[in-house]
Amino acid sequence: MSDTPYGGGHPNVARAEALLTVGRVQDACDLLTRHTREVSHKDADVYALLACCFFRLRKWPASLVMAESALSLNPSHTDGHIYRSEALWRLGRADEAVTAAREAIRISPDHQTPYQSLSAALRATGDLEGALAAANESVRVAPESANAHFARYYVLLDMGDNAAAQQVMRDVLSFAPEDADARAVLAGLKDEARELRLPELAREYTAALGSDPGSAYITAKLEDVALRLVRRTRWVALLCLVYAAVVSRAFPTGDDPTSLPAPLGPRMWFFFLMCAGWAVCLWRTYFTLPKGAQLTLVSVIRRALAAKLAVAHSLWATLCAVLLVTVPWTDRGWEQALAWTGGVPVVLAMWYGAAQRRNERDAAEKAKEKRLKAAREKESQAAR
């Protein structure tokens, strides 16, 4: 977590740090584990690095054990307190995490990372005002640190302040224009505020992925945009089906002519317009995208079942529309049956998918509110 190098103590420690720098976390962990077995004397730095390895591997209990081992050898080890704090709040021991982070600040008041750990721990307790103050202090100590600004962003996100969160990401990009995470997060915030259309959002994520090709987070976001683009084709297909039903006189209303079959001219003219409309939609949603987004779109259609179903729904509704306007129907019952068969499954699938996604968002919001409410109640009880 800190910027302090440990490598001066032993070549294995220096090599482990280098492995961590290039992202080979498991290799670094294995090396340090062998080192602790082979070397008779115990080194707090080694245990702190092991705590870092287990932290990055998301093994919170092991990270906590290593951090406490480092502190048993050196109670003033800043990173030991930091990793102990980070592990504790993830294990549901937020109050202890706050204490550990404050101890790290006491030891290293001029370092940014302890303030970030304190902000995260306070967020876990529900004290968002305190978390924001700690994050602001981290920014004051290191105004050009992306991590310090991201600590502010997480608090503002919990507060629901989208505009302020966007400004934080703009601040990061002002001194680190190539920061892929900041660009991707800013694009996501604009999408949440409905300030970007899906093709523009895809371009932003593609540009961010170009800066960090290995980012799983940005890749997932780009794939999500690709899936949303595919799903939107169902609206075009349904629109074609509705107009095809009108042109073919499947559902005549008012004073409209009711004789069947419908005139060939209007039917063929609509067929031409439908083909032109699909061509325009394909051009706007695919060929105007960056190459990376195009490849992602094709990959999502090949791999994701939801995307395959969306394509099948669009093709089915469009096929029914084509049959309505190209076949000279003389039986309105068959026409209506074809129209309903083409539209109802697509509408039901769209309704079910939207309801499912809405329920997931509501569940996430309720879980967040429950966590914050429990933290506030705990804080009020402690005040009494």
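**Stop one: a pair of helices**

Helix 6 passes helix 7 in a left-handed crossing. Keep in mind as you click around that this is a predicted model. To get both helices on screen, select residues 94-107 for helix 6 and residues 112-125 for helix 7; their axes come within 8 Å and cross at roughly 160°. Helix 6 is therefore roughly antiparallel to helix 7, since angles over 145 degrees count that way.

Now show side chains at the contact. From helix 6, pick Ala94, Asp95, Ala97, Val98, Ala101, Arg102, Ala104 and Ile105. Their partners from helix 7 are Pro114, Tyr115, Ser117, Leu118, Ala121, Leu122, Ala124 and Thr125. Colour the contact of helix 6 with helix 7 by class and you get twelve nonpolar, two polar and two charged residues.

**Stop two: another helix pair**

Next, bring up helix 3 (44-56) and helix 5 (residues 78-90). Two packed helices are described by the angle between their axes and the distance between the axes. For helix 3 and helix 5, the angle is about 30° and the axes are 9 Å apart. An angle under 35 degrees counts as roughly parallel, so helix 3 and helix 5 are roughly parallel to each other. Helix 3 passes helix 5 in a left-handed crossing.

Which residues meet here, from helix 3 and from helix 5? On the helix 3 side, select Ala48, Ala51, Cys52 and Phe55; on the helix 5 side, Asp79, Tyr83, Glu86 and Arg90. By class, the contact of helix 3 with helix 5 has five nonpolar, no polar and three charged residues.

**Stop three: salt bridges**

- Zoom in on glutamate 96 and arginine 93: they form a salt bridge, with the closest N and O atoms 2.8 Å apart. Glutamate 96 has 33% relative accessibility and counts as partly exposed; arginine 93 is partly exposed too, with a relative accessible area of 33%.
- Move on to glutamate 137 and arginine 140, whose side chains meet in a salt bridge at 2.5 Å, N to O. Both sit in helix 8 (residues 128-141), and because they are three residues apart there, about one helical turn separates them. Glutamate 137 is partly exposed at 26% relative accessibility, whereas arginine 140 counts as exposed at 54%.
- Then pick arginine 183 and glutamate 204, a salt bridge of 3.1 Å, N to O. This pair links distant parts of the chain: arginine 183 belongs to helix 11 (residues 180-192) and glutamate 204 to helix 12 (residues 198-211), 21 residues apart. Arginine 183 is partly exposed at 31% relative accessibility, and glutamate 204 is partly exposed with a relative accessible area of 27%.
- Finish with Asp191, Asp224 and Arg228, which are linked in a network of salt bridges.

Time to switch to the loops. In the one between helix 3 (44-56) and helix 4 (60-73), select arginine 58. Arginine 58 is not a glycine, yet its phi is positive, about 65°. Is the residue buried or exposed? At 62% relative accessibility, arginine 58 counts as exposed.

Jump to the loop between helix 11 and helix 12 for arginine 194. Here phi is again positive, at about 60°, and arginine 194 is not a glycine either. Arginine 194 is exposed, with a relative accessible area of 76%.

For a peptide bond worth checking, select leucine 260 and proline 261: a cis peptide bond joins them, with omega about -5°. Proline 261 lies in the loop between helix 13 (216-247) and helix 14 (264-287).

**Last stop: phenylalanine 251**

Stay in the loop between helix 13 and helix 14, where you will also find phenylalanine 251. Its relative accessible area is 35%, so phenylalanine 251 is partly exposed. What does phenylalanine 251 touch, leaving aside its neighbours within four places in sequence? The contacts are Ala245, Gln336, Ala339 and Trp340. Draw a distance from the C-alpha of phenylalanine 251 to that of alanine 339: the two atoms are separated by 9.5 Å, with the residues 88 apart along the chain.

How values were computed:
Residues are numbered from 1 along each chain as its sequence is written. This is a predicted model: local features need pLDDT of at least 70, side-chain atom pairs count only at pLDDT 80 or more; totals for chains, interfaces and linings use all residues. Side-chain values use heavy atoms; hydrogens and water are left out. Axes are lines fitted to C-alpha atoms, for helices over the stretch in contact, and angles run from 0 to 180 degrees between N-to-C directions. Helices (H or I, at least four residues) and strands (E, at least two) are DSSP runs, numbered from the N terminus. Angles under 35 degrees count as roughly parallel, over 145 as roughly antiparallel, 65 to 115 as roughly perpendicular and the rest as oblique. A crossing is left-handed if the near helix is turned anticlockwise from the far one by less than a right angle, and right-handed if clockwise. Contact means heavy atoms within 4.5 Å. Ala, Val, Leu, Ile, Met, Phe, Trp, Tyr, Cys and Pro count as nonpolar, Asp, Glu, Lys and Arg as charged, and the others, Gly among them, as polar. A salt bridge is a side-chain nitrogen of Lys or Arg within 4 Å of a carboxyl oxygen of Asp or Glu. Buried means under 20% relative accessible area, exposed over 50%, partly exposed in between (1.4 Å probe, protein chains only).
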